[in-house]
Amino acid sequence: MELLKNDESLEDLQLCGLKLIQKTDGFRFGVDAVLLSDFAKTLHSVKTLDLCTGSAVVPILLSAKTNTKEFCALEIQDEICEMAQRCVSLNGLDDKIKVQQGDLKESDKIYSKRVFDLITCNPPYMPVGSAVTNPSDSKIIARHEVMCNLEDVICASAKLLKQKGHLVLVHKPTRLADIICLMRKYEIEPKRIRFAHKAPDTEPSLVLVDGAYKGGIELRIMPPLFMYNEDGTETDELKRIYGK
């Protein structure tokens with residue numbers, strides 16, 4: 001198997017020797033995927049699914065942070081899916097992480113219903129609008145709701161989760177009302193919310209949301225996560241999350 005193509009680079013995840021293949025001029029994983037894996041790692045799961053997996057960074061990180069026996073990773077783009085599979089093989093995780101190409105709107109047919117303890121997703125954040133000039137561009141697909149939207153993600157998760165199984169999302173705070181309303185529409189009860197701020201004196205730039213399918217009504221607002229100190233240095237918590 002060819003390890004790297006001409007338009008790809010190899011990144012060190014700085015965790016247990018794990019590495020990640022990324023497109024040099026495509027969508028690249030960011031702090032949101034790292035925060036998502038950290039937020040989800042405390043939830044017990046035997047079988048976890050990562051939707052919109054991209055390079056499979058979230059299941060690769062969770063494989064080192066949890067005792068989960070089996071991960072599935074679903075990606076709609078053929079080329080990105082093939083790259084994710086090479087990422088998994090590069091890290092010797094073929095027996096633990098299964099990457100599959102497919103549309104999450106058909107995921108109940110791909111995997112069957114009620115089979116996952118945990119679903120993670122770092123979905124496209126931006127609604128489709130006039131800025132989308134090429135809907136087949138991989139960057140646009142990763143960032144804009146071209147191939148799927150927030151409701152598609154939550155609807156699919158409600159079909160796939162076991163009772164009291166968890167869906168964990170990272171998204172923009174401006175979409176929090178949509179997330180809560182859609183979760184309740186599909187019987188996923190919000191359980192934990194945590195806002196991530198770039199610095200203590202800024203509005204949150206990301207929100208982490210954990211919901212349980214047919215779980216009891218009880219929502220906890222977690223302490224805010226600050227990524228950088230006032231002088232621009234990384235906070236101790238961000239260093240902990242990155243394993244520094």
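Contact here means heavy atoms within 4.5 Å. The structure is a predicted model, in which local features need pLDDT of at least 70, side-chain atom pairs count only at pLDDT 80 or more, and totals for chains, interfaces and linings use all residues. Residues are numbered from 1 along each chain as its sequence is written, and side-chain values use heavy atoms, with hydrogens and water left out.

Asparagine 91 sits in the loop between helix H3 (78-90) and strand S5 (97-101). Helices (H or I, at least four residues) and strands (E, at least two) are DSSP runs, numbered from the N terminus. Not counting residues up to four places away in sequence, asparagine 91 touches Gly17, Leu18, Lys19 and Ile60. Its relative accessibility is 17%, so asparagine 91 counts as buried. Buried means under 20% relative accessible area, exposed over 50%, and partly exposed in between (1.4 Å probe, protein chains only). The side chain of asparagine 91 reaches the backbone oxygen of lysine 19 at 2.7 Å. Leucine 20 is 71 residues from asparagine 91 in sequence, yet the C-alpha to C-alpha separation is 8.4 Å.

Threonine 235 also lies in a loop, between strand S11 (225-226) and helix H8 (236-241). Threonine 235 is buried, at a relative accessible area of 8%. A polar atom of its side chain lies 2.6 Å from the backbone oxygen of phenylalanine 226. Neighbours within four places in sequence aside, threonine 235 contacts Phe226, Met227, Tyr228 and Asn229.

Two packed helices are described by the angle between their axes and the distance between the axes. Helix H1 (residues 31-40) packs against helix H2 (residues 57-65) at about 40°, with the axes 9 Å apart. H1 is therefore oblique to H2. Axes are lines fitted to C-alpha atoms, for helices over the stretch in contact, and angles run from 0 to 180 degrees between N-to-C directions. Angles under 35 degrees count as roughly parallel, over 145 as roughly antiparallel, 65 to 115 as roughly perpendicular and the rest as oblique. From H1, Ala33, Val34, Leu36, Ser37, Asp38 and Ala40 take part; they meet Val57, Val58, Leu61, Leu62 and Lys65 of H2.

Helix H6 (residues 150-160) is largely enclosed by the rest of the structure, because eight of its eleven residues are buried. These are Leu150, Val153, Ile154, Cys155, Ala156, Ser157, Ala158 and Leu160. Asparagine 149 caps the N-terminal end of H6. Its side-chain oxygen lies 3.1 Å from the backbone nitrogen of glutamate 151.

Conventions:
A polar contact is a pair of N or O atoms within 3.5 Å; within protein, one must be able to donate a hydrogen and the other to accept it, and residues adjacent in sequence count only if both atoms are side-chain atoms.
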